[in-house]
There are 4 protein chains.
Amino acid sequence: MRTDTDPGFAEIAERIHSNVGRQGFMNLVGAELSELARGECTIAVERRPDLLQQHGFFHGGVTAFLVDNATTIAAATSRGQPALTAEYKLNLLSPAVGEKLICRARVIKPGRQVSVVAADVFCVTDGVEKHTATALASIAMLNEEVGATTKSPAA
Amino acid sequence: MRTDTDPGFAEIAERIHSNVGRQGFMNLVGAELSELARGECTIAVERRPDLLQQHGFFHGGVTAFLVDNATTIAAATSRGQPALTAEYKLNLLSPAVGEKLICRARVIKPGRQVSVVAADVFCVTDGVEKHTATALASIAMLNEEVGATTKSPAA
Amino acid sequence: MRTDTDPGFAEIAERIHSNVGRQGFMNLVGAELSELARGECTIAVERRPDLLQQHGFFHGGVTAFLVDNATTIAAATSRGQPALTAEYKLNLLSPAVGEKLICRARVIKPGRQVSVVAADVFCVTDGVEKHTATALASIAMLNEEVGATTKSPAA
Amino acid sequence: MRTDTDPGFAEIAERIHSNVGRQGFMNLVGAELSELARGECTIAVERRPDLLQQHGFFHGGVTAFLVDNATTIAAATSRGQPALTAEYKLNLLSPAVGEKLICRARVIKPGRQVSVVAADVFCVTDGVEKHTATALASIAMLNEEVGATTKSPAA
């Protein structure tokens, strides 16, 4: 988390972890915010029967949840301001098999109003990752006052 | 469900309901397949604390799950063949407040290889619907053999 | 153009027409801004050999150009502020045959920072319209000062 | 073009160049198919006044045209079969300034029915590239018979 070399980031990371901890749906899915850095966020979730679809693969909705959360959080790390998913596009590349699903998001273009964030989702079988989905998101960057009162920021 | 005037559809609807009933994630979220017709599908979910984010709105991941499932199912109703989400784009229009979230999907362009499906998500407060998200999806239409063995169809 | 009932709109429309008239690419393609109203924009172009691809259909790039321009202009009509395409998704539904291509864009959700705009493209053969493409766009709404100096607004 | 080590590719490349040469719109824009390899395509265009918008930047429609063409062609190189743009999403990251626009497309996931292709667009000023747009596309892969008669393939 680079908290020693980037003191301002420690406070941002703490706030993000606090916010994510209060997301009921994050807890229901059982996903974990496993990595956080300036412009980057990784969220992972272990396989459970209630995360699957009828053929035993991770449900596409789980993949989408990881993308939604990881892209917004990655954008929020840039300057610590509240961020809000405006939109994203998600391509499912292959069935999400295996024991674990990992979503890695990284800011492509930080912006004052909109940040563009890419995400890739991998499924893990016996420690081997397979690329299962790719996404491209636009995240609305809010100013503090707006974020605190009327919107739905990630951080 | 028009089963009296469209006999072939009764069988398709039965298979879809059976498949959806075996989706662990659908059950975890507690969503309900409330309407099904040729080219159309509606899925709804009642508010629960574990479907929310830190500000008390429905989590964007719940909205995405409804879109993912409803668009694929709508495509599968066209001819009853297995269908698989290829990709979608989702725009979040306003915070998903209220006691209920409803996703209505409709096929815009049925296709032999790819069907294009639109979806709109509404949140309901005191019986009044508000437009909270809109989406556009491409659904891969599989032949029966492929669907049965190697892919992840909705129906 | 409702200029009699919406006086503020006359000025906005005039500025948009002036800006579009200075778009070299609009002139190269030969497209025409045929309708303009609050939250709505229609752009059309007649068939010419140099707008086609190798099979004699309108090139997908022409369809994309109409979508890009019409969605941004539709957003700019809302309050007359400069607008800038942030992103869009375009689904091509059928070959763009016929003698004319028409793109109709309408604002779904006006926003202070981002407006969401839908567009549909129709190709016309013997006066009959066929739906050839559908799109969903996010348009960044700029304040006047930013728009005047550093960005690329439509209006 | 690796034609010495990949003999089958020489024929594919020749067919693609022939098809692209018959695109009226490619010629109108004055774009050039500058690189072609298995799963990759680069198209570039030099600045001209009639490719610009009212502020002197390359028009977003030019960027979209490059993305549309380069992604479809990249998909067509995989096995030489006809390919057809199904959909794409395009994020504009910064104003397209400079003397040249270059679009590089690469297949992320080749498919029997749908190939997923990413593209990045760069604008060049004094030889220095700047990232101006990023895109994610789904390309429908046609069989030869269908492609020859009823659709709009790139190759």
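Reader: Does Asn69(B) count as buried or exposed?

Author: The model is predicted: local features need pLDDT of at least 70, side-chain atom pairs count only at pLDDT 80 or more, and totals for chains, interfaces and linings use all residues. Residues are numbered from 1 along each chain as its sequence is written, while chains are lettered from A and ligands numbered from 1 in the order in which they are written. A residue is buried if 20 or more other C-beta atoms, placed from the backbone, lie within 10 Å of its own, exposed if 12 or fewer, and partly exposed in between. Because Asn69(B) has 28 C-beta neighbours inside 10 Å, Asn69(B) counts as buried.

Reader: Which residues does Asn69(B) touch, not counting residues up to four places away in sequence?

Author: Asn69(B) is found in helix 3 of chain B; helices (H or I, at least four residues) and strands (E, at least two) are DSSP runs, numbered from the N terminus. Two residues are in contact if their C-beta atoms, placed from the backbone, lie within 7 Å. Leaving out residues up to four places away in sequence, Asn69(B) touches Gly61(A), Met26(B) and Ile43(B).

Reader: Which element of chain B gives the largest share of the side that touches chain A?

Author: The contact takes 34 residues from chain B and 34 residues from chain A. On the side of chain B that touches chain A, the elements that give two or more residues are helix 2 (24-29), helix 3 (60-76) and strand 3 (83-92). The largest share, eight residues, comes from strand 3 of chain B.

Reader: How many nonpolar, polar and charged residues has the side of chain B that touches chain A?

Author: Ala, Val, Leu, Ile, Met, Phe, Trp, Tyr, Cys and Pro count as nonpolar, Asp, Glu, Lys and Arg as charged, and the others, Gly among them, as polar. By these classes, the side of chain B that touches chain A has 14 nonpolar, 14 polar and six charged residues.

Reader: In which sense do strand 3 of chain A and strand 3 of chain B pair?

Author: Two strands pair if DSSP finds at least two bridges between them. Tyr88(A) stands opposite Leu90(B) in strand 3 of chain B. Over five bridges, strand 3 (residues 83-92) of chain A and strand 3 of chain B pair in the sense called antiparallel.

Reader: Which residue of chain D has the C-alpha nearest the axis?

Author: For the rotation of 180 degrees that superposes chain D on chain B, the C-alpha of chain D nearest the axis lies 3.4 Å from it and is that of Gln113(D).

Reader: Which element of chain D gives the most to the side that touches chain B?

Author: Seven residues of chain D are in contact with seven residues of chain B. Strand 3 (83-92) and strand 6 (128-141) of chain D are the elements that give two or more residues to this side. The most, three residues, comes from strand 3 of chain D.

Reader: Is Asp126(B) buried or exposed?

Author: Asp126(B) is found in the loop between strand 5 (114-125) and strand 6 (128-141) of chain B. Although Asp126(B) is not a glycine, its phi is positive, at about 50 degrees. Because Asp126(B) has 6 other C-beta atoms within 10 Å, this residue is exposed.

Reader: What is the mean pLDDT of chain A?

Author: pLDDT is the predictor's confidence in each residue, from 0 to 100. Over residues 145-155 of chain A, pLDDT stays under 50. In chain A, 90% of the residues reach 70 or more, and the mean pLDDT is 90.

Reader: What ipTM does the predictor give the complex?

Author: The predictor gives the complex a pTM of 0.91 and an ipTM of 0.90.

Methods. Least-squares fit on C-alpha atoms with pLDDT ≥ 70 in both.
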